[in-house]
Amino acid sequence: MKYIPLKHVIPAAALLVAPVIATQATPAPTPDVPAYRPFSIGLDASTLGPGASFGWRFMDHLGATLGADYVSVSANTTIKDVNYDARLQFLYESLTVDVFPWTHSSFHASAGLVLNQFELGGSANGPLTLNGNHYMGNIDLAIRQQAADPYIGIGGNLLYFDHAHHWALTGNLGAMYTGSPRVSLSGTESGPPSPTFQSDLEKVRGEIKHDARYAEIWPAVALGISYSF
């Protein structure tokens, strides 16, 4: 199967989804409902993990949103023929400026910054296969992304649960640039030292770093519930 990089998939998805969000997020104004409510709090599930947000629309066409997402998972996983006891952590805090093209609409385009504490860490002990060679020892792996990532996206309220437009189903589609990954791979042999152990370790580290670069553009797709007041 041919691999399609995320940096090509995300813009195409945005072009397809944007009209849907814009249409659903533009309610017909009614006399007893204001054009918009300035504050909102929300909970969502996203590709960054479960999260919460607080939004403030301080002008007809401008607002800001503060958000946080976190999830941590532990599991056994195999990376480059090595089985690791691994832990995957998604931890992000975001601040965006939101632009609302229409006063009577929740649809908005956003740009901002994400503080990124993503980490994939793992350890392996015993028989090891590195670059096709076999060793006895232990190794530790850590993959991290850059600490601050630029973000762009679109979003809005997909539908309202009440006539007064307090409760809504929300949707967001965006992406952030996570930069070149930092990969650390260190280890020691438990048996007689081999002259090829460290060189094989470095080759495997380079392969992991190369593969991790496919996640430099990370999708931020979210579906949630919000309350506006």
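Reader: What share of the contacts between residues at least 6 apart in sequence joins residues at least 24 apart?
Author: Good place to start! A contact here means heavy atoms within 4.5 Å. Among contacts in the protein between residues at least 6 apart in sequence, the share that joins residues at least 24 apart is 66%. This is a predicted model, where local features need pLDDT of at least 70 and side-chain atom pairs count only at pLDDT 80 or more, while totals for chains, interfaces and linings use all residues. Residues are numbered from 1 along each chain as its sequence is written, and side-chain values use heavy atoms, leaving out hydrogens and water.

Reader: How many helices and strands does the protein have?
Author: Helices (H or I, at least four residues) and strands (E, at least two) are DSSP runs, numbered from the N terminus. Along the sequence, the pattern reads α-β-β-β-β-β-β-β-β-β-β-α-β. The count comes to two helices and eleven strands.

Reader: Which residue in β2 stands opposite Ser-40?
Author: Strands pair if DSSP finds at least two bridges between them. β1 (residues 39–46) and β2 (residues 49–56) pair in the antiparallel sense over eight bridges, forming a hairpin with two residues between them. Opposite Ser-40 stands Gly-55.

Reader: And in β11, what is the bridge partner of Leu-43?
Author: Strand β1 also pairs with β11 (residues 217–228), in the antiparallel sense and over seven bridges. There, the partner of Leu-43 is Ile-225.

Reader: What percentage of the 229 residues counts as buried?
Author: Buried means under 20% relative accessible area, with a 1.4 Å probe and protein chains only. Of the 229 residues, the buried part is 36%.

Conventions:
Buried means under 20% relative accessible area, exposed over 50%, partly exposed in between (1.4 Å probe, protein chains only).
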